[in-house]
Each structure stands twice: as structure tokens, then as C-alpha cells.
Amino acid sequence: MQIDISGLIGKRLNQQEVSVSFEGKNFTLDGEEIEFVNPIVVEGVFTMTGDIVSFNGKVKTTLKLICSRCLENFNYVSEIDIDEKFSKVTHDEDNDIIIIHSDKVDLLPIIETNLILSLPMKKLCDEECKGLCSVCGTDLNHSNCNCEKSDIDPRLAKLRELFSNN
């Protein structure tokens with residue numbers, strides 16, 4: 001996703017608005033395939049200040065994730081803010097500036113990185129997801145099972161026997 005910012009770098013423009021939509025490329029994160037359900041929509045503004053080009057914008061898309069509890073696929077709507085700085089000149093005092101070598105900025109790796117960072121640690125299809133039975137593997141959201149639920153840590157079983165004799 002290359003954006004031409006030659007007007008800003010050539011000092012002909014002070015700001016450049018961007019409103020684009022494109023298909024995202026699926027990627028793998030920790031062995032899990034992350035799929036794009038909807039196109040990626042990017043809206044924002046590039047602004048030139050000195051020799052630094054700033055981008056402030058929003059990214060919207062829908063991803064297909066796998067629930068951490070029940071292992072079912074679900075759609076996750078992602079809306080994130082992006083604030084990045086670009087320059088053709090190296091700045092020692094600011095390590096947050098991305099060095100560019102042409103008059104184009106590739107937003108795709110920046111968008112992917114920000115999407116990955118915005119994903120929840122525990123991906124849940126629903127806050128009330130019951131998950132899978134730890135004994136038989138039944139999806140407890142759709143049916144119940146008759147497994148005996150023993151929530152006692154096996155390392156503490158002897159301690160349980162000690163207290164049950166009283």
C-alpha cells in the first residue's frame with residue numbers, strides 16, 4: 001500500500017488527506033492464521049513539519065480470529081488510531097521516526113504491526129464464553145456434558161483427603 005507523498009517532500013503541500021480501501025493479506029501470528037473478512041479502510045492526514053512527515057489516521061477492518069476458550073472462529077471488528085512519523089533524514093534524538101528512501105510511504109507493514117499490537121491477549125468470541133469441557137472436550141456454549149468436575153489440583157489431593165476425614 002504505497003502512498004505518494006512527493007508533494008509534501010517537495011514542499012508544494014503542507015498536508016495531504018488519504019482515504020483508501022484495499023484487501024488485506026492474511027498473516028500468521030503465533031501459529032494462528034489471521035484472516036481479513038472486510039477490506040482495510042484507511043483515513044487520515046499526512047502533514048509536513050520541517051523535514052518530518054507525520055501521519056495521523058484511523059484504520060478499520062474486520063478480522064477472523066479463533067476464540068481462546070471454545071476454539072470457534074469469530075469476527076473481530078478492529079478500529080485503531082495510527083500516529084507515525086517519517087523522514088528522509090536520520091534524527092538522533094527521536095527513534096520513533098521511520099526513515100524512508102523515496103517519495104512513497106508503504107503503510108501496509110505499519111498497519112499490520114498496529115493491528116497485531118491492538119489484538120487482545122485473550123481472544124474471546126463472547127465475554128460469557130463457557131469454553132470446552134476439560135475432560136471430554138464438549139463445547140459448553142452449545143451443550144452440557146455429564147463429566148465429573150473435579151477442580152482439585154492433583155498435587156493437593158492428599159491434603160483434600162486429610163480434611164475430608166474430619
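Patches are made of residues with over 30% relative accessible area and no salt bridge, nonpolar side chains being joined within 5 Å. The legends below describe close-up views of a predicted model.

**View A. A nonpolar surface patch that includes Leu 162.** Four residues, Leu 156, Leu 159, Leu 162 and Phe 163, make up this patch on the surface, and together they present about 420 Å² of accessible area. Leu 162 lies in helix H3, which spans residues 157–164. Its relative accessibility is 53%, and Leu 162 therefore counts as exposed, the threshold being over 50%.

**View B. The largest nonpolar core.** This core holds 31 residues, of which Val 42, Phe 46, Phe 86, Leu 107 and Ile 111 touch the most other members. Two or more residues are contributed by each of strands S2 (15–22), S4 (32–36), S5 (40–49), S6 (52–66) and S7, and by helix H2 (108–118). Strand S6 provides the largest share, 5 residues.

**View C. Glu 84, a buried residue without a salt bridge.** Glu 84 is located in strand S7, residues 73–87. The nearest side chain of opposite charge belongs to Lys 85, 9.2 Å away. Beyond neighbours within four places in sequence, Glu 84 is in contact with Val 53, Ser 54, Phe 55, Asp 96, Ile 98, Ile 110 and Asn 114.

View D. When residues up to four places away in sequence are not counted, Ser 78 touches Val 59, Lys 60, Thr 61, Leu 115 and Ser 118.

Methods. Residues numbered from 1 in each chain as written. Predicted model: local features only at pLDDT ≥ 70, side-chain atom pairs only at ≥ 80, totals over all residues. Heavy atoms only, no water. Patch = residues over 30% accessible without salt bridge, like charges linked within 9 Å, V, L, I, M, F, W, Y side chains within 5 Å. Areas by Shrake-Rupley, 256 points an atom, 1.4 Å probe, with all protein chains shown as cover. Helix = DSSP H or I, 4+ residues; strand = E, 2+ residues; numbered from the N terminus. Buried < 20%, exposed > 50% of the residue type's maximum accessible area, 1.4 Å probe, protein only. Lys, Arg positive; Asp, Glu negative; His and termini not counted. Contact = heavy atoms within 4.5 Å. Core = buried A, V, L, I, M, F, W, Y, C linked by side-chain atoms within 4.5 Å.
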